[in-house]
Amino acid sequence: DQDWIKMDLWESNDPTYITTDMVLKHHREELDKQEVGIFYLCGGDFFDSFSKSYYWTQEQVGQIQSMCI
């Protein structure tokens with residue numbers, strides 16, 4: 001059990017689908033209240049999906065990139 005890493009059940013407790021950009025926005029807002037950092041670990045397939053317009057809007061891609069990169 002580590003005190004430097006935590007899990008938030010906000011997304012899993014919601015019965016509806018929540019887009020990735022909204023999940024990241026939630027975590028950013030929560031973490032802005034504290035002096036901590038957020039790191040988003042994902043695979044290359046996730047970044048590759050940014051080029052597929054049926055997955056993401058350009059606005060979502062911009063929001064995700066500005067929060068994670």
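Predicted model: local features only at pLDDT ≥ 70, side-chain atom pairs only at ≥ 80, totals over all residues.
1. Asp21 belongs to helix α1, which spans residues 20-32. The residue is buried yet takes part in no salt bridge. The nearest side chain of opposite charge is that of Lys25, at 8.2 Å. Because a salt bridge requires the nitrogen and the carboxyl oxygen to lie within 4 Å, Lys25 at 8.2 Å does not qualify as a partner for Asp21.

2. What does the side chain of Asp21 meet in a polar contact? The partner is the side chain of Thr19, at 2.6 Å. Beyond its neighbours within four places in sequence, Asp21 is in contact with Gln60, Gln63, Ile64 and Met67.

3. The structure holds three salt bridges. One joins Arg28 to Asp32, with the closest N and O atoms 3.8 Å apart. Both residues lie in helix α1, four residues apart, or about one turn of the helix. Arg28 is partly exposed, with a relative accessible area of 26%, whereas Asp32 is exposed at 54%.

4. Glu30 pairs with Lys33 in a salt bridge, the closest N and O atoms being 3.3 Å apart. Glu30 is partly exposed at 31% relative accessibility, and Lys33 is exposed at 62%.

5. Lys52 and Asp48 also form a salt bridge, at 3.1 Å from N to O. Lys52 is partly exposed at 24% relative accessibility, as is Asp48 at 44%.

Key: Residues numbered from 1 in each chain as written. Heavy atoms only, no water. Helix = DSSP H or I, 4+ residues; strand = E, 2+ residues; numbered from the N terminus. Buried < 20%, exposed > 50% of the residue type's maximum accessible area, 1.4 Å probe, protein only. Lys, Arg positive; Asp, Glu negative; His and termini not counted. Polar contact = N/O pair within 3.5 Å; in protein donor to acceptor, adjacent residues only side chain to side chain. Contact = heavy atoms within 4.5 Å.
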